[in-house]
Amino acid sequence: MSEFTIGHLIQRKHSDLLQDVNPLFIGHLNDKWTLFFMKDTGIYKRIPESIYDISNTIPVLHFDNAEDHGWSYEIVFKGKSQAKFDYNYEMEDMALYQLALDRYPEEDPVELLYTNPDFEGVRQQLLDELHNSDIYQEQINNLFKECNVEQFSLFEVSAEQIQQLKTIMTQEHEEQLEFMHDLVDQFKEILNLQQMSWINPERLEDDDLELELE
């Protein structure tokens, strides 16, 4: 089973402020970060309305990682999104599937791209066309457009850490990674979020959820 992680994070020094908003759960990842869930926190990417309310007082980092599908983060402060990133690992496959439909409307795109040997070479031809497409390149370029890593200073992340984030949160860096999953691991390591793994509201009763409870 693939990992599914989601949660809201604040600086640990602000954790006492959460008591006023009646959270479903509070736990400490480490001496830097506190994780919490609200009653309207679900296992989906949408940020609950309650988080925007909390962000009027303190900045909140919303993080999720659906291991096989992608990962994202969003920094919310003063009721507004200050930074966000959403990496869908299936973006290329989805775009390639649509291109196959457009170019070969009479064929089954799954057979065309993956299973039928009669179409050998067509997948690479379509991949080349996709990668040279201005529309697809714009999608790639937009991937990092709003990551705004300097906003992590809201959590007293050091200038050195922010510079490290600026280095990895680029298209150029992502393209030279051996595995696409490496980026989220690097992100978590820089921010000391390695424990944000296999954590979500449905696992609150699991004995192996190793968090220092509030």
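Is F155 buried or exposed? In this predicted model, F155 is buried, with a relative accessible area of 0%. W33 is buried too, also with a relative accessible area of 0%.

These two residues bring us to the aromatic rings. A pair of aromatic rings is described by the distance of the centres and the angle of the planes. The model holds 15 aromatic pairs. In one of them, the ring centres of W33 and F155 lie 5.4 Å apart with the planes at 50°, so the pair is tilted. W33 sits in strand β3, while F155 belongs to the loop between α5 (134-143) and α6. The pair thus links distant parts of the chain, 122 residues apart. W33 has a charged neighbour as well: K32 lies over its face, at 5.6 Å from the ring centre.

Now take F187, which is buried at a relative accessible area of 0%. Y73 is buried at 1%. Their ring centres are 5.1 Å apart and their planes meet at 10°, so this pair is stacked. Y73 lies in strand β5 and F187 in helix α8, so the contact ties together parts 114 residues apart in sequence. Ring pairs join W33, F155, Y73 and F187 into a cluster that also includes F63, W71 and F144.

Helix α8 spans residues 182-191. Its buried residues are L183, V184, F187, K188, I190 and L191. They cover an arc of only 160° around the axis, which puts them on the same side of α8. These buried residues pack against β3 (33-37), β4 (60-66), β5 (70-77), β6 (80-88), α6 (159-168) and α7 (171-175). After α8 comes N192, with a positive phi near 60°.

Terms used:
Residues are numbered from 1 along each chain as its sequence is written. This is a predicted model: local features need pLDDT of at least 70, side-chain atom pairs count only at pLDDT 80 or more; totals for chains, interfaces and linings use all residues. Side-chain values use heavy atoms; hydrogens and water are left out. Buried means under 20% relative accessible area, exposed over 50%, partly exposed in between (1.4 Å probe, protein chains only). Helices (H or I, at least four residues) and strands (E, at least two) are DSSP runs, numbered from the N terminus. The arc is that of the directions from the helix axis to the C-beta atoms. Contact means heavy atoms within 4.5 Å. Rings of Phe, Tyr and Trp (its six-membered ring) pair if their centres lie within 6.5 Å; planes under 30 degrees apart count as stacked, over 60 as edge-to-face and the rest as tilted. A charge sits over a ring if NZ of Lys or CZ of Arg is within 6 Å of the ring centre and within 35 degrees of the ring normal.
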